[in-house]
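I went through the strands, then the helices.

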Amino acid sequence: MTLGERIAQARKQAGLSQEQLGEKLGVSRQAVSKWEGDQTNPDVAYVAQMCRTLGVSSDWLLLGEEREADGLPRLCPHCQGTVTGLERFCPSCGQCLTDSPQNALDDGPYNLYLWSVGSKEQTQEALRKFYKELPGERDYILPECLQTDPLRYDITLTGAAPVQICGNADRAAALRARTLLSGSGELRTYPVEAGAHWMNLSDADIVEDLSSPRPPDAPMSFGMTVLAVIVGILGAMFLLMFL
């Protein structure tokens with residue numbers, strides 16, 4: 001069975017037409033038809049999305065080989081969501097899928113710090129999602145405001161950076177925090193033994209693959225821009241008075 005024939009078979013089993021599959025992948029019906037007719041091959045990015053959409057493994061779709069006797073697709077070890085084997089991180093929870101066996105056993109514990117904030121609104125939303133998604137089977141150390149009111153998902157943390165947002169975290173929690181905060185807030189992850197207070201932490205102890213870079217500074221709001229222009233005009237007028 002060719003790649004095109006396997007795509008067609010999986011599509012039909014999923015109850016989708018060529019046009020419907022194309023809509024889900026963001027391509028035309030003609031592109032799907034060419035794939036199924038073995039006239040062209042889909043890019044790797046489309047293969048990964050196709051595996052998730054059709055519920056098949058990449059081993060079977062690309063090679064015709066079943067990963068297991070039942071032919072089930074790969075599952076993320078953390079959230080059990082469908083993954084394809086072509087991705088570095090789980091699209092559902094952010095779990096790293098390319099860890100070596102040694103790293104897979106390295107499950108912390110870690111302390112997670114919100115080190116700086118680029119976009120306050122985006123960081124607040126990221127923290128809300130992070131706290132809501134934390135699994136309950138581990139004894140995480142959360143900020144005091146969340147210990148007294150777990151449903152509060154406190155957003156004042158964004159004004160207190162650097163601040164610890166989670167202690168005794170496992171690798172999956174750190175990866176999820178990094179994914180959510182990427183581009184809005186800077187996450188620094190340290191082993192618990194490095195210490196708890198951020199002022200005593202050393203850059204040498206940062207767990208690089210579980211930390212995110214400093215985000216770009218948030219753009220100046222319209223109101224602040226107008227205020228800056230007014231202050232500049234007043235300043236210029238004040239100087240002209242003495243010339």
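A ground rule for my entries: I call two strands paired if DSSP finds at least two bridges between them. Also jotted down: this is a predicted model.

Entry, pairing with β4. I looked up β3 (residues 110–117) and found that 4 bridges join it to β4 (residues 163–169), with the two strands antiparallel. Tyr 113 sits opposite Gln 164 of β4. For Leu 112, the bridge partner in β4 is Cys 166.

Entry, pairing with β5. Next I checked β5 (residues 185–191), which pairs with β3 through 7 bridges, again in the antiparallel sense. Here I noted Tyr 110, whose bridge partner in β5 is Pro 191.

Entry, the sheet. What is the order of the strands in the open sheet? I wrote down β4-β3-β5, 3 strands with antiparallel pairing. On average, neighbouring strands are turned by 25° against each other, direction ignored.

Entry, helices. α7 (residues 120–133) lies across β3, β4 and β5 and runs at about 160° to β3. α9 (residues 171–181) also packs on the sheet, touching β3, β4 and β5, and its direction makes about 165° with that of β5.

Is β3 largely enclosed or open? I used under 20% relative accessible area as the cut-off for buried. By that cut-off 7 of the 8 residues of β3 are buried, so the strand is largely enclosed by the rest of the structure.

Definitions and conventions. Residues numbered from 1 in each chain as written. Predicted model: local features only at pLDDT ≥ 70, side-chain atom pairs only at ≥ 80, totals over all residues. Heavy atoms only, no water. Buried < 20%, exposed > 50% of the residue type's maximum accessible area, 1.4 Å probe, protein only. Axes fitted to C-alpha atoms, helices over the stretch in contact; angles between N-to-C directions. Contact = heavy atoms within 4.5 Å.
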